[in-house]
Amino acid sequence: MGAPGTRGSLPRVVAASLIGTTIEWYDYFLYGTAAALVFGKLFFPNTDPLTGTLLSFLTYAIGFAARPVGALVFGHFGDRIGRKRLLVVSLLLMGGSTTAIGLLPTYSSIGAAAPVLLTALRLVQGFALGGEWGGAVLLVSEHGDRRRRGFWASWPQGGAPAGNLLAAGVLSLMTSSLSDEAFLSWGWRVPFLLSAVLVAVGLWIRLAVEESPLFQQAVANRPTHEQPPLVGVLKYHWREVLVAMGARMAENISYYVMTTFVLTYAVSHAHFGKQSALNAVLIGSAIQFTLIPLFGALSDRVGRKPVYLTGAVGVGVWAFVFFGLVDTHSFTQLALAVTVGLVFHSAMYAPQAAFFSELFATRLRYSGASIGAQFASVAAGAPAPLIATALLKDYGSSTPIAVYVAIAAAITVLAVLCGRETRGQDLAEVEEQPQAEGAVVGKPAVA
């Protein structure tokens, strides 16, 4: 068996990973929320409102293009020099770029240079996040024991709804306390500048944790001439990478449609106020944060695949109900639509950390998990708000958007069914290569 962390160190590692991922996702989601609400007016003012939003979402999507690059770079060095060091670097990069966005001149001040600079900073955000996720979930997975790995590893996943909650909450506070003119003039900058304070806190906490004991074991047993992690992943774990990528499709697409695109849809199509749309996301994110560890614990009892499949099927069906509820123009129905959508999303997102960690060998785990997760995000989360906005513009109906989410759900169901059940897997026993021709990498040891 792998050497888990001590009882005292595991909660500390979980707390450090959760706080760090919350801050990183706050920075990342803050951009998405601002893109839906204000960036079209500030950086693309010479277009009609929906086209401005499309261009704004395009800069949002470009950040996803940098995530696979971040996965490759952070994965390589994370598998070579350690998880902890790379997590510190990712936090500094994300916080620095987000703070810089808060200081950025708009189109009215410097013209076309403004959206160019905005896009460049978004690329830095994407690069940093591409390395953050894998390191954070692996640090927890490799400290914990196999019996409750689903529960413990799900906590860093809680950073996504917590970050979204924080981003939407701060923007909601600003929009409710300022006039539209003041918010567009300077109020939107405050949440971005707040990132500098949050990063300082996260850095202080993250520096205090210990390196993964499994990684330290792997370093001690490392051969003198070792192939690059990327080569090992593509040679021995390419099937697992494809499973991870497919598993991400419904999870990623549904999330960005139901938390980012819904802000545009609710305001411009269903005629809700910005405050109401933000509050609906706030409610859904708060409930999702409480559900993620519960679904993680459930995956320890019944398996990763059953929980994941429930979420994928659920979100594919709910997509058709989702927009019908939003179109009722009732805030209660809007909040219900977002919340139920995020419940199904939680069933996929919660076991994902343990599931992906258990697919790859220790010396290749950071690279394998990051590549599987982040390369999928380019095809899934990156264009999701953009595609949804374009479908709405072309068809004037939400039905094609629901079909889009349902297709993603079908891909995820197929991918998860093709994967192996990993519950109870001893991470130290996951092999770097098949033991026999056609064998599955790794041997589940269900406890």
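Tutor: Buried means under 20% relative accessible area, exposed over 50%, and partly exposed in between (1.4 Å probe, protein chains only). Helices are DSSP runs (H or I, at least four residues), numbered from the N terminus. This is a predicted model, where local features need pLDDT of at least 70, side-chain atom pairs count only at pLDDT 80 or more, and totals for chains, interfaces and linings use all residues. Residues are numbered from 1 along each chain as its sequence is written, and side-chain values use heavy atoms, with hydrogens and water left out.

Start with helix 12, residues 229-236. Its buried residues are Pro-229, Gly-232, Val-233 and Tyr-236. Look down the axis of helix 12: these buried residues fall within an arc of 100 degrees, so they line one face of the helix. The arc is that of the directions from the helix axis to the C-beta atoms. Now turn to the other side of helix 12. Leu-234 and Lys-235 are exposed there. What does the buried side of helix 12 pack against? The partners are helix 2 (49-81), helix 13 (238-269) and helix 17 (365-379). Contact here means heavy atoms within 4.5 Å.

Helix 8 (residues 180-187) can be read in the same way. Ala-182, Phe-183 and Gly-187 are buried in it. Seen down the axis of helix 8, they too fall within an arc of 100 degrees, so they line one face. The face turned away from that buried side carries Asp-180 and Glu-181, both exposed. The buried residues of helix 8 pack against helix 1, helix 7 (159-177) and helix 9 (189-193).

Next comes helix 11, residues 213-220. Pro-213, Leu-214, Phe-215 and Ala-218 are buried. Their cover includes helix 2, helix 3, helix 5 (113-143) and helix 17.

Now follow helix 1 (residues 9-43). Its axis and that of helix 6 (residues 149-157) come within 7 Å and cross at roughly 30 degrees. Axes are lines fitted to C-alpha atoms, for helices over the stretch in contact, and angles run from 0 to 180 degrees between N-to-C directions. Helix 1 and helix 6 are therefore roughly parallel to each other (under 35 degrees; over 145 is roughly antiparallel). Helix 1 makes the contact with Leu-10, Val-14, Ser-17, Leu-18 and Thr-21. Helix 6 brings Trp-152, Trp-155 and Pro-156. These residues divide into 6 nonpolar, 2 polar and no charged. Asp, Glu, Lys and Arg count as charged; Ala, Val, Leu, Ile, Met, Phe, Trp, Tyr, Cys and Pro as nonpolar; the others, Gly among them, as polar.

Is it buried or exposed? At 1% relative accessibility, Ser-17 counts as buried. Leaving out residues up to four places away in sequence, Ser-17 touches Ala-136, Leu-139, Val-140, Pro-156 and Arg-206.

Helix 3 and helix 10 (residues 195-206) pack at about 170 degrees, with their axes 9 Å apart. They are therefore roughly antiparallel to each other. On the helix 3 side, the contact includes Lys-84, Leu-87 and Val-88. On the helix 10 side, it includes Val-199, Leu-203 and Arg-206. The contact residues divide into 7 nonpolar, 6 polar and 2 charged. Val-89 also lies in helix 3. At 38% relative accessibility, Val-89 counts as partly exposed. Val-89 and Leu-203 are 114 residues apart along the chain, yet their C-alpha atoms are separated by 9.5 Å.

The largest nonpolar core has 132 residues. Such a core is a set of buried Ala, Val, Leu, Ile, Met, Phe, Trp, Tyr and Cys residues joined through side-chain atoms within 4.5 Å. Phe-39, Val-326 and Phe-356 have the most contacts inside it. Helix 1 gives the most to this core, with 19 residues. Beyond its neighbours within four places in sequence, Phe-356 is in contact with Trp-133, Ala-244, Ala-247, Arg-248, Tyr-308, Ala-369 and Ala-373.

Finish in the loops. Most residues other than glycine have a negative phi. His-271 has a positive phi, near 65 degrees. His-271 lies in the loop between helix 13 and helix 14 (274-302). At 64% relative accessibility, His-271 counts as exposed. His-329 has a positive phi too, about 65 degrees. His-329 is in the loop between helix 15 (304-326) and helix 16 (331-357).

Note on methods
Helix = DSSP H or I, 4+ residues; strand = E, 2+ residues; numbered from the N terminus. Parallel < 35°, antiparallel > 145°, perpendicular 65-115°, else oblique.
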